[in-house]
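Student: I have a new structure open and would like to learn how to read it. Could you walk me through it?

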Amino acid sequence: MTAGVKTLIVIFSFGMIVASFLIGWVAKRKVTSAQAYFGGTGLFGPFVVGFSTMAAVASAFAIVGIPGIIYSTGNTMTFWMLSSAAFAMAYMILGKKVRAMAELGPVASLGDISDLRFNNNRAIKAIMSIVLFLGCVAYLASQIKACSTLFAHLLGWNPILAGFVIFGVLTIYTAISGEVGGILTQAFQGLVMVIAGVIMIVAFFSITKGFGPLLEVVSTAGKVTDGEITKVFSADILNAWGVFPGSVAMAWMIIPILGTIGQPQVLTRMYALKNPKDMPKLGLYASLSHMIVGFFAVVMGYGALFLVGKGLIKPLASGDQAVFAFADYVGVHAQLFVYAAVLAAAMSSASLFLSLTSGIISRDLPSAFGYRFSSEKQMKISRITIFVLGVLSILFALTSSEMVAILGTFGWGTLMSATFPVFIIGLLWKKASSQGVLAGLITALGLNIISLILVRTGFKWPGALPWYVNVITASIAVTVFISLFTKGATEEDLDERVKAVIDL
Amino acid sequence: MNLSKKTTLFIVLIAILWVTITIMGWTGNWFPAMFLGLVLMILHMMLGSAQNGKLNKRLFFYPLLCWLILWTMSFALSYHYGNLFAGKLPNFTILGFHPSFAWTILTYWIGGVATLSLGFVVQKDLWLSDKNWEEFKRKIAKMNEEKGGEYSDGRS
């Protein structure tokens, strides 16, 4: 890459960081209450919330990791990445109920909804917060590490300096404007991802001339070797199932489709919507924007396969190079937009998880342990927490590689295991008891930690099924089973208003 | 469709389905488990789409049933063509795609959005009508009024 291109990437990326900061700065005017600061509750229309949700769901892993997985193992991952219909499914299942909970009382966090549904049960709130915290910190650290390392490598900077330039600015605007700024900047970053996606999809078609030539190249290229690196091609890479065991394809269909509803990025955005009648439009905007970003990630993997198979570039040492290798081949405009998309994806997910994590530390966990503060004080504490957490996260992510890798085990499945008992079962079923949900959450916490240890020791899971499927299943089964025999927060013990929400 | 008396049955079925799908994944029966995954999803959507315990039949037929049929076809066709052309270059393509993968694009991805995302917008009133939402808000306001300070919970 030439010095001129690097300079252009810096100007382009810096422009996006400045624009995000300005949006966050202007957004602080809308922060008039704790509900606005912590949840953006009832403030936005479906377009903004839809783009913000998609951007927060599609992390840097979607832009860099997914093309790498497709380059390495073929189409198995497309079940996950082309799961655009999942947003509509999520809103259909839970949208009106979560939004309706915000009519019952001041709702600014997932902990508030848990309080309303389970009669201020502190144990449920505390354990749910701990599991969510583990998932959120894992996401946050991985966004910071991936993005800072990438830009540091590109510009020849120290990773900590790159981390502070990108995520330091993000920390400032998140602290100032909370979720109001978070939602607006994420919507802007989502738009950048969509524009980059359209440009790169066009570039893919212009280079490969479509899927027919791609299929032919991948099916007939055989082995391509350069030095010690060999890429083995086969026709099966581009059939529906890829080269992973079928159980992985099954998990990568069910977990993202149904699991979208269990992601805090999706749940918290349900109550950010001003009018619940707009929930279907929200589903459509999130689905359409995700279609573009999802397809963008998929064709970047295909683009790299095509170029290597045709002998136009050398086989890649690591799958994660796929999107950059393709962009480098296409030229300057592609490089600009790919780096912008990676930055946008990392920033949008990081700001969401930073604000969620600080909300858990400064608001939900203290309240679970009986400490209550006024709205003003909550916001003040949260701003300080975001600053401290932002700085610590940058330092932690860039100096503790081993620990970040360990935490990286947690993620989508971990978050699902905490939210399914409380919100999905809790808001669909009046008989979901506080004892059942608590038992489900304890199961989730325990099994997530045990699985983390087993994953680190190289344990082989039965049928090659991803570990988190077992944890999610156990937490749901325990919740339902115990609820059948217990009655806490059900029947007469269930708030009449919550009954009305479940009936809605 | 009245689901009000069937909610517990649906939830127990959901739990049983999660356990069954997981065990089938362990034992290599992943393909039939994918269809059970669709049943799992439609049970959730039926519960979530009902208003006052009743699921509108039009909403059930489109988008829910249309989606279920489309995705069932999608997996069956992908499996069929995946086996037919295992390890070799297929002798035909569908819009340039491998005949197995074409269904992921056409029915799973585009079809999923055309049924669920679009159908949700088309049938939005059957999911939440203005009347039901306004009634809900009135009901909540009335409960809050009747109970006075009782509902001013101590949440922070």
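Tutor: Gladly! For its 504 residues, a compact globule would have a radius of gyration near 23 Å, and chain A has 22 Å, which agrees. Keep in mind as we go that this is a predicted model.

Student: What does the C-alpha trace of chain A span along its principal axes?

Tutor: The spans are about 70 × 50 × 45 Å. Chain A holds 21 helices and two strands.

Student: How much of chain A is buried?

Tutor: A residue counts as buried when its relative accessible area is under 20%. In chain A, 67% of the 504 residues are buried. The chain exposes about 15,500 Å², and carbon and sulfur atoms supply 66% of that area.

Student: And what share of the contacts joins residues 24 or more positions apart?

Tutor: Among the contacts in chain A with a separation of 6 or more, 84% are between residues 24 or more positions apart.

Student: Let's look at one helix. Is α21(A) mostly covered or mostly uncovered?

Tutor: A general idea to start: an α-helix has 3.6 residues a turn, so residues three or four places apart point the same way. As for α21(A), this helix is mostly covered, with six of its eight residues buried. The buried ones are Arg497(A), Val498(A), Lys499(A), Ala500(A), Val501(A) and Ile502(A).

Student: What covers the buried residues of α21(A)?

Tutor: The cover includes α6 (86-101), α7 (110-117) and α18 of chain A, along with α6 (130-147) of chain B.

Student: How much space lies in the second largest pocket?

Tutor: About 410 Å³. It has 21 lining residues, and the closest to its centre are Lys430(A), Ile502(A), Asp503(A), Ser4(B) and Thr7(B). Two or more lining residues come from each of α18 (412-428) and α21 (496-503) of chain A and α1 (7-26) of chain B. Our helix α21(A) gives the largest share, three residues. By class, the lining has eight nonpolar, six polar and seven charged residues.

Student: How many cavities of 30 Å³ or more does the structure hold?

Tutor: There are six. The largest cavity has a volume of about 170 Å³. Of the 17 residues lining it, Ser109(A), Leu110(A), Leu356(A), Gly359(A) and Asp364(A) are the closest to its centre.

Student: Which helix gives the most to the lining of the largest cavity?

Tutor: That is α15(A), with five residues. In chain A, α7, α8 (122-155) and α15 (332-368) each supply at least two. The lining of this cavity divides into nine nonpolar, six polar and two charged residues.

Notes: Residues are numbered from 1 along each chain as its sequence is written. Chains are lettered from A and ligands numbered from 1 in the order in which they are written. This is a predicted model: local features need pLDDT of at least 70, side-chain atom pairs count only at pLDDT 80 or more; totals for chains, interfaces and linings use all residues. Side-chain values use heavy atoms; hydrogens and water are left out. On a 1 Å grid over the protein atoms alone, a cavity is a set of points where a 1.4 Å probe fits but cannot get out, and a pocket is an open set with protein on both sides within 12 Å along at least five of seven lines; lining residues have an atom within 4 Å of a point. Grid points are joined across faces, edges and corners, and a volume is the space filled by probe spheres set on the points. Helices (H or I, at least four residues) and strands (E, at least two) are DSSP runs, numbered from the N terminus. Ala, Val, Leu, Ile, Met, Phe, Trp, Tyr, Cys and Pro count as nonpolar, Asp, Glu, Lys and Arg as charged, and the others, Gly among them, as polar. The radius of gyration is taken over C-alpha atoms; the globule rule is 2.2 Å times the number of residues to the power 0.38. Buried means under 20% relative accessible area, exposed over 50%, partly exposed in between (1.4 Å probe, protein chains only). Contact means heavy atoms within 4.5 Å. Accessible areas come from the Shrake-Rupley method with a 1.4 Å probe; for residues, only the protein chains shown count as cover.
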